[in-house]
Amino acid sequence: MTASAPGRAGTAAPRLADLPLRPELAGEEPYGAPQLDVPVCLNVNENPYPPGEQVVADAAAAVAAAMRGLNRYPERDALALRADLAGYLGHGLTADHVWAANGSNEVMLHVLQAFGGPGRSVLSFAPTYSMYPEYARDTHTRFVTHPRRDDFTLDVDGCLAAIADQRPDVVLVASPNNPTGTAVGLDVVTAICRAAPGVVVVDEAYHEFARPGTPSALELLPEFGRLAVSRTMSKAFAFAGGRLGYLAAAPAFVDALRIVRLPYHLSAVTQAVARVALAHAREMLAQVAALRAARDDLAGWLRGRGHEVADSDANFVLFGRFADRHAVWQGLLDRGVLIRETGPDGWLRVSAGTPAEMEAFKTALTEVLDASAGGTTDHDQEQSR
Ligand SMILES: *Cc1c(COP(=O)(O)O)cnc(C)c1O
């Protein structure tokens, strides 16, 4: 790869291919949900309702206060924030049971830095979150998957056989799962915890959107010292831009993550603003019930139009199937509606949005599919040939 480099440090303006990149990164693209400037963004499962003015004012004051001390490094262990997060989670948790980082993406990276690594493996259940293989790649951890059933639920016997077969160091279970929306019962999580030789992480990024009364794997923490439950403020909490993810586990598990984190990984500004958001939890979460209802309405509407829809406990719906899903995605985008082309081939994922966004989506999808039925687009002429 470096053969063309003329000197020790190479040419002044190298192309990526000229750099001595780790071989397994060659040809890789950065994580890329398109960030397009369109009127209706239903592609990354954000809460579409921005924080209210009182939260904004309190956060501004907290940022000003943090700013006055910004010549100093932030509190490295973020203990006050972790205590607030523990209070939000309940279940008798305290600050030393909770870890926090810049999004649960970083939390999960810490988990694999601590418990994965060269010669180790992580097992997950496909189709699942597209970032999992990337955390594995970046930590030199082998990524293995066991398939879900056709309805995207987990078959316990198959999962246990995969665990016995692979002896994974880390098992990663998303519940509700992304991109399918499928929740995993605590009976299944319990069976996995009993069988797993290493650690088990249940990614509950969408837990707040689950049907009321759906139990959290937090309930199992007292029983399993190698279990961790990961959460985020990016989805229900309407704080995606604040970048705050967290995890609850035994204090020793948290100590393991403290070893691998970068020093001062959470800025003083992040800590201050996240604490304000948590102090206003009720207000930040106020639209969750409306978003759940929007999701159920959306699923019903799509089924009524004859689509297949995966049962969802999250704030999005996976629907299909399309012979050419990219054409449908593009048709929606042409009409100002951005959704996500992800999951198994033939399926698309759409986030629950405001009533106006849901109307725009329904109108656009109807137009795209009607146009396709009439054979009026280039694409459909291709399809019908
Ligand atoms: C969105 C999402 C996350 C959250 O990522 P952040 O880094 O906290 O924004 C985690 N897990 C899954 C499965 C997700 O879909």
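**Reading a ligand shell and some backbone features**

Analyst: Let's start with the overall build: residues 42-361 are 40% helix and 16% strand, with the end C-alpha atoms 9 Å apart. Helices (H or I, at least four residues) and strands (E, at least two) are DSSP runs, numbered from the N terminus. This is a predicted model, where local features need pLDDT of at least 70 and side-chain atom pairs pLDDT 80 or more, while totals for chains, interfaces and linings use all residues. Residues are numbered from 1 along each chain as its sequence is written, and side-chain values use heavy atoms, without hydrogens or water.

User: Which residues are around the ligand?

Analyst: A residue counts as near if one of its heavy atoms lies within 4 Å. Here the shell consists of Gly103, Ser104, Asn105, Tyr129, Asn178, Asp203, Ala205, Tyr206, Thr232, Ser234, Lys235 and Arg243. Helix α3 (residues 103-115) gives the largest share, 3 residues.

User: How many residues of each class does the shell around the ligand have?

Analyst: It has 3 nonpolar, 6 polar and 3 charged residues. Tyr and Ala count as nonpolar, Asp, Lys and Arg as charged, and Gly as polar.

User: How far is an oxygen atom of the ligand from the side chain of Thr232?

Analyst: A polar contact is a pair of N or O atoms within 3.5 Å. For the Thr232 side chain, the distance from its N or O atom to a ligand oxygen is 2.5 Å. The side chain of Arg243 places an N or O atom 2.8 Å from a ligand oxygen, and Ser104 uses a backbone N or O atom, at 2.7 Å. Of the 390 Å² of accessible area that the ligand has on its own, the protein covers 94% (Shrake-Rupley method, 1.4 Å probe).

User: Is the peptide bond from Asn178 to Pro179 cis or trans?

Analyst: Most peptide bonds are trans. The bond from Asn178 to Pro179, however, is cis, with omega near 15 degrees. Ser175 and Pro176 are also joined by a cis bond, with omega about -10 degrees. Pro176 sits in the loop between β5 (170-174) and α6 (186-195), and Pro179 is in the loop between β5 and α6 too. Asn178 also belongs to the ligand's shell.

User: Is the phi of Ala78 positive or negative?

Analyst: Most residues other than glycine have a negative phi. Ala78 has a positive one, about 45 degrees, and lies in the loop between α1 (53-67) and α2 (79-89).

Technical notes
A polar contact is a pair of N or O atoms within 3.5 Å; within protein, one must be able to donate a hydrogen and the other to accept it, and residues adjacent in sequence count only if both atoms are side-chain atoms.
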